[in-house]
Amino acid sequence: MRIMILGGDGYLGWATAMHFAARGDEVCVIDNYLRRKIARDTDSEALSDNPLLDARCALFAAHTNRRIRCEIFDLAEHDRLFRLMEEFQPDCAVHYAEQPSAPYSMKSFAEAKLTLDNNLTATHNLIWAVLEKAPDCHIVKLGTMGEYGTPNIDIEEGWIDIEHKGRREKFLYPRQASSLYHTTKVLDTDLLWFYVRTYGLRVTDLMQGPVYGLATAETDIHPDLGVNFHYDDIFGTVVNRFIVQAIAGIPLTVYGKGGQTRGYLNLTDTLQCIELAARNPVKPGELRIANQFTELFSVNDLADRVKRVGDAMGLKVAVDHIDNPRREMEEHYYNVVRRELPALGLEPHPMTDEVLADMIQRILPLRDRIVPARVLPRVAWKNRKRTG
Ligand code: USQ
């Protein structure tokens, strides 16, 4: 398969690039290093220094004999994307190229504007590059479970049948995200659905929950091929943060009551899901939406698990309920349908104690690199008065 990975320098993008290249697929990665810039600007650098993307590709080739083509540019440069699309003719384009941090998107006007401009422009330019230059290309788009929010009814898989005044219709499931970042993903889905139904684009939109982990089959090939592992309040997802906090002796930062429930998945299962989606493309004019997670946990569940495993390893883990910087429900109904990916063959790797212990073992040698000032939340949704 010829596969283009937009956002190839990211936590998921780089792992995905290695995954497909190692399996003999022809991979082209694109990135503009936006995450690295935001990380520098907000003092939120990853735990280890990851070489730049072209250097990682060269290192990967030296150790595996598999080439990953690397292109560094901003997807806002649509003519460049169009040219590359025409030349590379991908069977599949995996779209991760978005500003992925909810807290960053809520910081102030400038960050909100950047998130909106970057995410929607990238999606729109990709759509047009495919329409104009590689119309058979299947777009695999990373959406988020956060698009749905936490409604008081079951969350279906992307679509819902509505009966209204005796008539029926199928619609996109109602979405109500709780950050601007998550809202850009809602808008992406609307854009994609518009172009799917209007021009016959082929799209899989994956509603992914928070990912955890740092090991894949390829990350151990060389220490510099690891993923960019974030534990800061800007880019770090909650499990990765809790593991680092446990090691640094910082009480685990449960936001508010800790009853917030989300669907989680291991990094290796993200790769499995992307591969299943990519190797099973949809027909032209089809938008497939899949809920991408393997297990549901509340934040309290996660804190208990990390504490239990950390304590057993001699870490003395404390748990703290701190003021929730976000505006979200801390106790809520959460029942999510999940059929598409299991039907394609997903075999989940659950979050066992061994999995958490392995994460701790891998991070312990980097203990001295942890910067405590990056851990506590530095962005609050609440510092703006609610008018409605
Ligand atoms: N949380 C804590 N303590 C922390 C960090 C987070 O209690 O120290 C809570 C949050 O309030 C939230 C939950 O844990 O209720 C998950 O937070 P998160 O930071 O792990 O995830 P989130 O900001 O929602 O975003 C992450 C990814 C994003 C992806 C999303 C899936 O960064 O790209 O889209 O997970 S989901 O959460 O299902 O929307």
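In the predicted model, an oxygen atom of the ligand lies 2.9 Å from a polar backbone atom of Tyr-255, a polar contact being a pair of N or O atoms within 3.5 Å (within protein, one must be able to donate a hydrogen and the other to accept it, and residues adjacent in sequence count only if both atoms are side-chain atoms). A ligand oxygen atom is also 3.3 Å from a polar backbone atom of Pro-100. In the case of Glu-328, the side chain takes part: one of its N or O atoms is 2.5 Å from an oxygen atom of the ligand. The ligand taken alone exposes 720 Å², of which the protein buries 93%; accessible areas come from the Shrake-Rupley method with a 1.4 Å probe.

This is a predicted model, in which local features need pLDDT of at least 70 and side-chain atom pairs count only at pLDDT 80 or more, whereas totals for chains, interfaces and linings use all residues. Residues are numbered from 1 along each chain as its sequence is written, and side-chain values use heavy atoms, with hydrogens and water left out.

Around the ligand there are 23 residues, a residue being near if one of its heavy atoms lies within 4 Å. Tyr-181, Val-238, Thr-253, Arg-326 and Glu-328 come nearest. The shell consists of 10 nonpolar, nine polar and four charged residues (Ala, Val, Leu, Ile, Met, Phe, Trp, Tyr, Cys and Pro count as nonpolar, Asp, Glu, Lys and Arg as charged, and the others, Gly among them, as polar). At least two shell residues come from each of α7 (180-199), α8 (238-248) and β10 (252-255), where helices (H or I, at least four residues) and strands (E, at least two) are DSSP runs numbered from the N terminus.

Helix α8 also packs against another helix: the axes of α8 and α12 come within 10 Å and cross at roughly 60°. Axes are lines fitted to C-alpha atoms, for helices over the stretch in contact, and angles run from 0 to 180 degrees between N-to-C directions. The two helices, α8 and α12, are therefore oblique to each other (angles under 35 degrees count as roughly parallel, over 145 as roughly antiparallel, 65 to 115 as roughly perpendicular and the rest as oblique).

Helix α12 (residues 353-363) packs with helix α10 (residues 299-312) at about 65°, their axes being 10 Å apart. This makes α10 roughly perpendicular to α12.
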